[in-house]
Amino acid sequence: MRLPMSPTDSMFLLGESRDHPMHVGGLLLFQPPEGKDASDLKSMFAEALAREEPAGPLWRKRPTRSLFTLGQWAWEDDPRFSIDYHVRFNALPSPGTMDDLWELVSRLHASLLDRTRPLWEMHLIEGLSDGRYALYVKIHHAVADGVGAMRLLRRALSTDPDRTDMPAPWAVADAQSSSRSAMGTAIGFPGAVVRAATGAVNDAVNVVSEAVALVPALVGTVDRALHNRGGSLSLGAPNTILNRQISGSRRFAARSWPIERLRMVAKAADATLNDVVLELSGGALRAYLSEHDALPEDSLVAMVPVSLRRSGSSSGNEIGILMCTLGTQCADPVERLARVRGSMIEGKHAMNSMSKLGRLATSAVGVAPLAVGVLTGNRALPRPPFNVIVSNVPGPDAPLYWNGARVDALYPLSVPVDGQALNITCTSTDDEIAFGLTACGRTVPDLVRLLDHFDEELEALESALGVRVEVDDEVSGESDAEHG
């Protein structure tokens with residue numbers, strides 16, 4: 001028996017087209033263990049592939065829609081599953097610069113995933129001149145959100161640099177496989193049927209009992225939006241060059257900074273690390289739009305996904321939404337950070353006062369205009385519900401390894417959609433935080449220049465707050481790929 005997808009997950013399939021892929025991605029750079037090189041890492045991956053280690057249930061499920069699912073999208077096990085299709089080897093052309101890597105990854109990220117197969121690919125990339133080995137993975141947003149995808153990768157790694165018996169990343173079982181099938185195939189067992197039925201009844205009872213509480217939660221959300229206070233809905237986002245219908249052109253750029261720099265700024269300003277990420281985004285966008293004579297008088301608004309996932313769950317989409325003013329009308333970076341901090345405090349306070357059902361319902365109200373824009377090509381909205389999506393996916397506190405190879409860098413890749421031509425996604429390793437910018441290349445050109453503004457904004461914050469740090473060189477790159 002197949003189980004239908006949740007409406008949130010199926011939305012990513014319904015909104016997908018040839019020019020609008022709906023998958024997230026990640027690029028990992030491995031530093032080979034002492035005494036070994038990138039060719040040794042390639043051999044280890046090749047040996048793991050040759051062993052034909054069984055992939056976890058999450059990696060084997062594919063989408064399906066038929067009369068048997070009543071026309072709804074559902075998951076099923078792929079009877080023709082072949083690991084060789086999903087795991088591929090690539091080589092960079094000489095001299096193997098970072099720009100060569102960005103170009104390859106950008107091209108790979110631009111292409112659609114095959115819906116007749118499980119919705120993921122993993123590319124093992126050799127040829128970097130600095131001796132590192134790269135792994136690029138993309139997974140459809142219907143399968144996992146950014147947080148879930150990062151947790152899946154995390155379970156394939158270890159904090160032990162001496163461990164050498166680790167399975168391949170695709171052979172790591174997802175968290176759901178031990179208790180319930182990611183595809184619902186375990187529903188065939190009587191005990192599972194009883195548990196599923198009981199859970200459905202309990203959910204129905206909970207919905208009825210909490211329905212009354214939804215009314216004040218939704219009314220309060222609209223009231224906060226009308227008065228420009230933090231919450232899950234915004235009615236004041238201005239029209240900008242970032243909020244146009246996008247084309248098939250894709251551009252990706254990334255840069256890393258020592259995470260301690262952001263932590264010191266957050267401490268000096270009595271803010272959170274995520275507040276600093278949002279302020280840097282606002283300051284960089286203010287400078288970028290000013291350069292293009294396109295800075296609006298009203299502040300830009302960011303949609304900030306907040307994970308509502310329970311401990312132990314790794315796949316699916318369990319996301320709450322907050323809208324945050326980025327303070328782009330403020331010239332002073334400290335004042336801008338204060339605006340961001342205040343907006344996030346208001347939003348979190350409002351969300352914490354609601355039940356989980358209330359948080360999900362108000363988040364749905366906030367994100368509904370985005371879904372309308374995706375499904376209509378952004379032709380049904382007079383103004384954007386927000387201007388940019390800024391996600392911050394926390395990373396590990398300790399170095400991570402795969403069979404002794406250290407994860408040296410981790411860059412996130414995300415999804416631009418109609419009306420939202422730029423997506424900013426951050427993730428961190430133990431000592432660095434990476435900003436990955438994924439955009440429509442025609443709507444948002446010159447992403448490296450935008451990253452320069454992030455650098456300038458961080459230095460401006462440090463100077464204004466009296467934070468003194470040693471500045472190391474950052475790594476950046478840009479590439480452009482079109483498909484159609």
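How many helices and strands does the chain have? The chain has 12 helices and 16 strands. Helices (H or I, at least four residues) and strands (E, at least two) are DSSP runs, numbered from the N terminus. The model is predicted, so local features need pLDDT of at least 70 and side-chain atom pairs pLDDT 80 or more, while totals for chains, interfaces and linings use all residues. Residues are numbered from 1 along each chain as its sequence is written, and side-chain values use heavy atoms, without hydrogens and water.

Of the 484 residues of the chain, 55% are buried (under 20% relative accessible area, 1.4 Å probe, protein chains only). Contact means heavy atoms within 4.5 Å. Among contacts between residues at least 6 apart in sequence, 77% join residues at least 24 apart.

Helix α2 spans residues 38–50. Its buried residues include A38, L41, M44, F45, A48 and L49. These cover an arc of only 140° around the axis, which puts them on the same side of α2. The arc is taken from the directions from the helix axis to the C-beta atoms. An α-helix has 3.6 residues a turn, so residues three or four places apart point the same way. Just after α2, E52 takes a positive phi of about 55°.

Helices α8 (residues 259–268) and α12 (residues 447–465) also meet. Their axes come within 10 Å and cross at roughly 40° (lines fitted to C-alpha atoms over the stretch in contact; angles run from 0 to 180 degrees between N-to-C directions). R261, L262, V265 and A268 of α8 make the contact with D455, L458, E459, L461, E462 and L465 of α12.

Notes. Expected span 1.5 Å × (residues − 1). Buried < 20%, exposed > 50% of the residue type's maximum accessible area, 1.4 Å probe, protein only.
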